Amino acid sequence: MSSSKQVKNRKGKAMDHNKININSPISNKLIGQVDAMSKEEVDSIIGKARKSWPEWNNKSSSERMKYLYRAAELLLERADELSDLMVLEVGKDKKSAYSEVVRTAEMIQSTADIAKSLNGGMIPADNFPGGAKGKFAITKRESLGVVLAVSPFNYPVNLAASKIAPALVAGNVVVFKPATQGSLSGIFLANVFKEAGIPDGVLSVVTGKGSEIGDYIVTHAGIDFINFTGSTEVGQHIASQSRMIPLLMELGGKDAAIVLEDADLELAAKHIVAGAFSYSGQRCTAIKRILVLESKAEDLIKKILVRLGELKVGNPIDTKDGIDVVPLISQNAADFVEELIVDAKEKGAKVLFGGQREGNLIHPTLLDHVTTDMRVAWEEPFGPVLPILRVKSMEEAIDLANQSEYGLQSAVFTTDMNKALEVAEKLEVGTVQINNKTERGPDNLPFLGVKNSGLGVQGIQYSIEAMTRLKSTVINL
Ligand code: NAP
Ligand code: G3H
């Protein structure tokens, strides 16, 4: 399959020109290689996928479910091996990587379970002006064809499978483009589906840098649907390029934790620290700013500082235990986070905790007195830095939250359910968490972003709906 050419470098060492080296973000050591696929290889993969669609689509839905149940079983059997690879490839600690694999196996299994209860409908027409007795529509859902699944580095298994499993169970075939840093884990996942018996061509992997081959894939005439998770920048670029096909996009966020005067501060501090710093804040749903009522700021900060001191920081390869703050995915990612910290400090923010950097490890950093002229008030760091913006009122908190270009999630901490619901009603986001950290899971819940955070809804049932279309047959008796 690979068309790589062997050439020699200046030291006479053999190099594969069409291969991409995958180095660990932890040690920078080479851990594997993937193909930088050519346009011709992409054509061949998409062509094969198209040819495989009719047969896969014609299988009964229950037959397709069997493959998913088997894939889930195999994934659980391989959880240890796969999570070891994820530690090396994306620097996730072993405990979190293992739990991502288990969560994914459960999600694949639930996808098959949920598919069992998806029904069509019957709509009578005689209850509408112009309708007639004996006229009614029978509706069912049909697959779309070839789904392109593009996943990000940070959940290389879960965010890939949460596209692949619902697409397949609905009768689509899938061309999967993993994030390059994450493609070894993605290929491992695809091989698990293959081992579960998914026929050739029904699920295939395209590897190569998005910046080089991405535009070619997303504009390919053989693609019927794009299911993308990644940054807003790349998502918007894809949307501007793509043909007239449906898109599902889960993009960046700037999730706020709004802490009101009557909040349980212990609870708020616990969720804020877990929400902001786990996996070094490299989660779309990480808490990325605190909007706290001035009168409660000092008390909240004291509690947050205690918990920050308890975070485990370091190299996830050294331990099987959980590490909260690990080195970021790349030096570039760490440079960006450092820039945000420097900008905030220069403009008067106070570093209450952290601020140090060692290579691509940024220590958990808490910034106080952040103001709206600072970049960190608005930009998504995707790193372990948490800005505090003190506000005078609930209304100001809502207003600041809504000024963001993003609208993924927000959390509100208060013991007054009426206030919580009022805030939830006014926030321009896909999901509001009341007295909890912002989070996507469990995977059956609807998950969506508004504004620049996305397009369409994910979550098992919603993903199946997104990747199918309604077919209506009208009976006229
Ligand atoms: P990214 O740089 O946007 O990359 C995402 C995927 O897009 C990768 O597979 C990448 O491939 C590919 N890509 C890049 N350019 C492309 C192009 N022109 N055409 C097609 N594909 C292209 O994002 P990331 O750094 O992996 O992930 C972090 C970002 O994702 C953050 O902004 C985070 O908020 C967001 N995210 C959102 C959610 C959500 O559900 N809302 C979940 C997770 C992450 P290469 O790796 O080869 O460049
Ligand atoms: O990076 C974004 C993931 O979708 C986050 O998932 O909130 O369930 O950890 P999670």
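Predicted model: local features only at pLDDT ≥ 70, side-chain atom pairs only at ≥ 80, totals over all residues.
Colleague: Where do I start? Into which domains is the chain divided?

Modeller: Start with the bounds. Domain 1 covers 13-251 + 455-476, and domain 2 covers 255-451. Their centres, taken over C-alpha atoms, are 30 Å apart.

Colleague: How many residues does each domain bring to the contact?

Modeller: Domain 1 brings 33 residues and domain 2 brings 30.

Colleague: How do I read the size of an interface?

Modeller: It is often given as the accessible area lost when the parts come together. Here, domain 1 and domain 2 bury about 2,400 Å² between them. Carbon and sulfur atoms give 58% of that area.

Colleague: Which residues of domain 1 lose the most area to domain 2?

Modeller: Look at Ile26, Asp93 and Phe153. Together they make up 21% of what the domain 1 side buries.

Colleague: Now the charges. How many salt bridges cross the interface?

Modeller: The rule finds 1 between domain 1 and domain 2. Find Arg103 and Asp443: these two form a salt bridge, with their closest N and O atoms 2.8 Å apart.

Colleague: And how many residue pairs are in polar contact between the domains?

Modeller: The count is 10, with both residues at pLDDT 80 or more.

Terms used:
Residues numbered from 1 in each chain as written. Chains lettered and ligands numbered in written order. Heavy atoms only, no water. Domains from an automatic or database assignment. Contact = heavy atoms within 4.5 Å. Buried area = accessible area lost by both parts, 1.4 Å probe. Salt bridge = Lys/Arg side-chain N within 4 Å of Asp/Glu carboxyl O. Polar contact = N/O pair within 3.5 Å; in protein donor to acceptor, adjacent residues only side chain to side chain.
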